[in-house]
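Here is a short report on one protein model. Look through the structure first, then read on.

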Amino acid sequence: MIDRMRECESIFRQVLNRELLQMTLSNTRNVDRAVKVKVRPVLIQDKLLFQETVYRGTQVFHANYTDVELAEKLDEYMVHLFRQAQISCETEDISILVGKKGTVTVKRKKKNVSRKQNCEADTAGKRDFSHNRRKKYILSGGDPVDFLVGLGVQTPDGRVTKAYYDKFRQINRYLEFIEDILDKLPTDRTIRIIDFGCGKSYLTFAMYYYLHQMQGRDIRVTGLDLKADVIAHCNQLAEKLGYHQLDFEVGDIKSYTGEDKVDMVVSLHACDKATDYALEKAVKWGAQVILAVPCCQHELNGQIQCKALQPVLKYGVIKERMAALITDALRADILEQNGYDTQILEFIDMEHTPKNLLIRAVKS
């Protein structure tokens, strides 16, 4: 325990520099003191400091510290207040978990070079450490992008439509997940991608634009959905934009038999067991990458029984969310058993929808 905490102290001192992107401490032991804490580097009067943002109830508190001052605070936080730390740097991600018995687990994962190259930057090509910096998205909010204009997310002059700003952020967040797995996709042939339950296909168009237009990858993408009118509209837009390797089909995920080999399977907000059908097909195809955002997990909700938890499960919304979390955890475990490195990640902010978890699986 002491040795592992010393390792945590060493990590904090190592990462408090210009390469730190963001640090989040969560899973609090005392909500009255703080729910979570976020840290990022800032440059004030040419001096590198670290801004601490403390979330307490509905209030948010900001303070700036030197690396030495903040390192001491972070040590104290992990010993007495928080059980989890997520650290994102330019070259690696670090996760620190403190168990109930004091056990400490540290996981480190190196990043792709491309991720480092796309960090927030100023006009000189350097990291932006300004106190009130704006987030730099993969798709800029000031430049018109053909599919965003076609879907009404942007005006023809590139301004993000107010009603679609959350969708714009969601699209960019989704592209960040794809950016992270770029090196897992083949480079010597056409990349085959299927989007199950594509709906209006905001994210399908975004995926095609990013991989083909921005990254120059040879891809062929198919979107599948049950709504014929929506599919017809998507095909019309794809043809209008000249997205020749993007097509949409009317069909059901469970009965789809159009492919023998797929490199990447996407399933965003496919309802109930439709997500499981998508995952099953992805595993059978040996898909290299799987991205799934489940929705409406009714299967386990109708079966879950536990006498000890009955005082909790009697509340419908609590039972629904517990069933959803357990279902997603089981899905992730099954993917791992089938040879996938699997993560469950926050897709978008909880304030927009409680269905905000993304399962990202990469074949190992």
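## Cysteines

C295 counts as buried because its relative accessibility is 8%. C306 counts as partly exposed because its relative accessibility is 29%. Here buried means under 20% relative accessible area, exposed means over 50%, and partly exposed lies in between (1.4 Å probe, protein chains only).

A disulfide is a covalent bond between the sulfur atoms of two cysteines. The rule used here asks for a pair of cysteine sulfur atoms within 2.5 Å. By this rule the count is zero disulfides.

## About the model

This is a predicted model, in which local features need pLDDT of at least 70, side-chain atom pairs count only at pLDDT 80 or more, and totals for chains, interfaces and linings use all residues. Residues are numbered from 1 along each chain as its sequence is written, and side-chain values use heavy atoms, with hydrogens and water left out.

Helices (H or I, at least four residues) and strands (E, at least two) are DSSP runs, numbered from the N terminus. Two strands pair if DSSP finds at least two bridges between them. Strand 6 covers residues 92-98. Five of its seven residues are buried, so strand 6 is mostly covered.

Which strands pair with strand 6? Strand 5 (residues 82-89) does, in the antiparallel sense, over five bridges. S88 stands opposite D93 in strand 6. Two residues lie between strand 5 and strand 6 in their hairpin. Strand 7 (residues 104-110) also pairs with strand 6 in the antiparallel sense, over seven bridges. There, I94 has R108 in strand 7 as its bridge partner. Strand 6 and strand 7 form a hairpin with five residues between them. In that turn, G102 has a positive phi of about 90 degrees.

Is R360 buried or exposed? R360 counts as buried, because its relative accessibility is 7%. This residue is found in strand 14 (residues 357-363).

The side chain of R360 makes two polar contacts described here. A polar contact is a pair of N or O atoms within 3.5 Å; within protein, one must be able to donate a hydrogen and the other to accept it, and residues adjacent in sequence count only if both atoms are side-chain atoms. One joins R360 to the side chain of D180 at 3.3 Å. Another joins R360 to the side chain of Q343 at 2.8 Å. Contact in general means heavy atoms within 4.5 Å. Not counting residues up to four places away in sequence, R360 touches several residues, including F177, I181, I290, L291 and L345.

## Salt bridges

A salt bridge is a side-chain nitrogen of Lys or Arg within 4 Å of a carboxyl oxygen of Asp or Glu. How many does the structure hold? The count is 13.

E176 and R173 form one of them, with the closest N and O atoms 3.2 Å apart. They are three residues apart in helix 5 (residues 165-180), so about one helical turn separates them. E176 is buried at 9% relative accessible area, whereas R173 is partly exposed at 30%.

R331 forms a salt bridge with D276, and their closest N and O atoms are 2.8 Å apart. This pair links distant parts of the chain: R331 is in helix 11 (residues 316-337), D276 is in helix 8 (residues 274-285), and they are 55 residues apart. R331 is buried at 5% relative accessibility, while D276 is partly exposed at 30% relative accessible area. R331 also forms a salt bridge with D328, the closest N and O atoms being 3.0 Å apart. These two are three residues apart in helix 11, so they are separated by about one helical turn. D328 is buried, with a relative accessible area of 4%.
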